[in-house]
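I opened this model to look up its packing. My entries are below, in the order I made them.

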Amino acid sequence: MKRLWGFWVGMLMVSACGQIAERKQPPPSLYQLSQSDLDLSGEQLARGYCASCHVMPEPEVLDRTTWEKVLPDMRKRMGLYLEEDFGTSLPEDEGVPDGIYSKIPFITREKWEKLQSYYLENAPDMPLPQESKVAPRVGIPGFNLEVPNFPFVRSSLTTMLRVHPKTGKLWLGHRFRALFELDPANQFSQLDSIPTAVAPVEIRWKEDQSFELLTMGLMDPANDSIGSVSTFVKNDGAWKSQPVFEKLMRPVHVEVADWNGDGKPDYVISQFGNHLGKLSLHLSKDTAFQEVILKKDPGARRSMAVDYDGDGDLDILVLMTQAKEGLVLFENTGGGKFKEKQLVSFQPAFGSSDFRFEDMNGDGKAELILVNGDNADQSQILKNYHGVRIFERDNSGEFEEKWFYPMHGATGLEVGDFDQDGKMDVVAIAFFPDRNQKPHQNLIYFKQEKPDSFLPFVLKEQLEDHWLTLTKGDLDKDGDEDLIVGTFAFDQLYQAPTKQWRPFVVLRNQLK
């Protein structure tokens, strides 16, 4: 056992463990760690215990006060309870399923105190500031801001915005179980109002005017299974829904493509969940679907169908969040089988939120564009590593970060050649911005001036909205793409509405 442990200690000390790292060797299990009687330092223990579940966070990713709040939960997950925990609620009292918090201790009190001291002694007193960056210019070139006026009271809790690619109509999902079709040509007047079982988050239109809708269930952290994908068909002027997939665990995204090559649509559903969740592929089989569970972990945020390896079939790119954050490739090997490969990994406070896979510099190879800034968990502080990133593949096929722009709380992303100059631009929104930054940086437009060089712009109008959703589309059918930014005013979440409805703003493209 000691010989095996000596190997692990050597691996832990020489391997790089920063904010972004890919493990070349599997870490020791919690059981292996618990059986060791070696006298290890706090850093060695951290590199062992933390890396057994996810990329090890370095002490500087959080300040000391925040570590003091976060570390006790990590200790309890490893099954160690101390006198200070007496009188507090246990995980099972809060509805946490079995298996998330260990029933037996995998770490001794002595080892825990050394590990905890390593973090507290090496953490900064205050959250680290953002690194130096190009200051954003005020006023987004080529766009005019429009704030539609809705003369009635309704909670501004937008969960989905999508522009119909053929009609230009705006479809809006509302937290309080509703889907609206709005007419951009007539001051966004309401064309239709469709009740839904729970909050809508994704829509897919069909050729026959019907559509499929993904509803997520509770938006608050929960282990419920009330999400669904349903088909909506209009019959005699009324919409009727029929479930396609039910009992989904807080699903947040669905990707539809033909992964098994039978000419029928298959579905990848990102069931974000909370303590439990999964990434599930539903392959068409005659009159039913066969579920293939690609990952049993919570935190699947978005998937994308791409022929990553150029072999003619579709693979799956997935953004995983929660503790085991990273971008994962599921390579299609045929027969409904997929081979998993971790492309990029992040430490658990990274806050990954959204990604795209596009050729940004015109070299014929797609890059990964990612925003990270989810800040709704236990460490709700400003983080200097939140922002917008681009990763490109090197000659060996590994991804490396090539561009980073710090942006507190970055949560949404769109990519496109909005000014039609032949170069791809980036737009990012932040649901958790630094409200003290002037000018406000809750929305930044990154214009690509030359390959891999972006100039940031912010709105001239300093709006205080809480922006959760972002989409692009041609609202006026004039040949250029507009941007629509959705409001989620969480101060209106648990009270009767008293303000006029302000569900979104529009950045109208003035190119044509």
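I am working from a predicted model, where local features need pLDDT of at least 70, side-chain atom pairs count only at pLDDT 80 or more, and totals for chains, interfaces and linings use all residues. Residues are numbered from 1 along each chain as its sequence is written, and side-chain values use heavy atoms, with hydrogens and water left out.

Cores. I took a nonpolar core as a set of buried Ala, Val, Leu, Ile, Met, Phe, Trp, Tyr and Cys residues joined through side-chain atoms within 4.5 Å, with buried meaning under 20% relative accessible area, exposed over 50% and partly exposed in between (1.4 Å probe, protein chains only). The largest one has 45 residues, and W67, Y119, L317, F357 and L368 have the most contacts inside it. Helix α5 (residues 109–122) gives the largest share of this core, 5 residues; helices are DSSP runs of H or I, at least four residues, and strands runs of E, at least two, numbered from the N terminus. I found another core of 19 residues apart from it, including M360 and Y405.

Helix pair. The axes of α3 (residues 42–49) and α5 come within 8 Å and cross at roughly 100 degrees; axes are lines fitted to C-alpha atoms over the stretch in contact, with angles from 0 to 180 degrees between N-to-C directions. I noted α3 as roughly perpendicular to α5 (65 to 115 degrees).

Loop. I found L128 between α5 and β1 (137–138). L128 is partly exposed at 33% relative accessibility. L128 is in contact (heavy atoms within 4.5 Å) with E60 and N384, neighbours within four places in sequence left aside.

How values were computed: Parallel < 35°, antiparallel > 145°, perpendicular 65-115°, else oblique.
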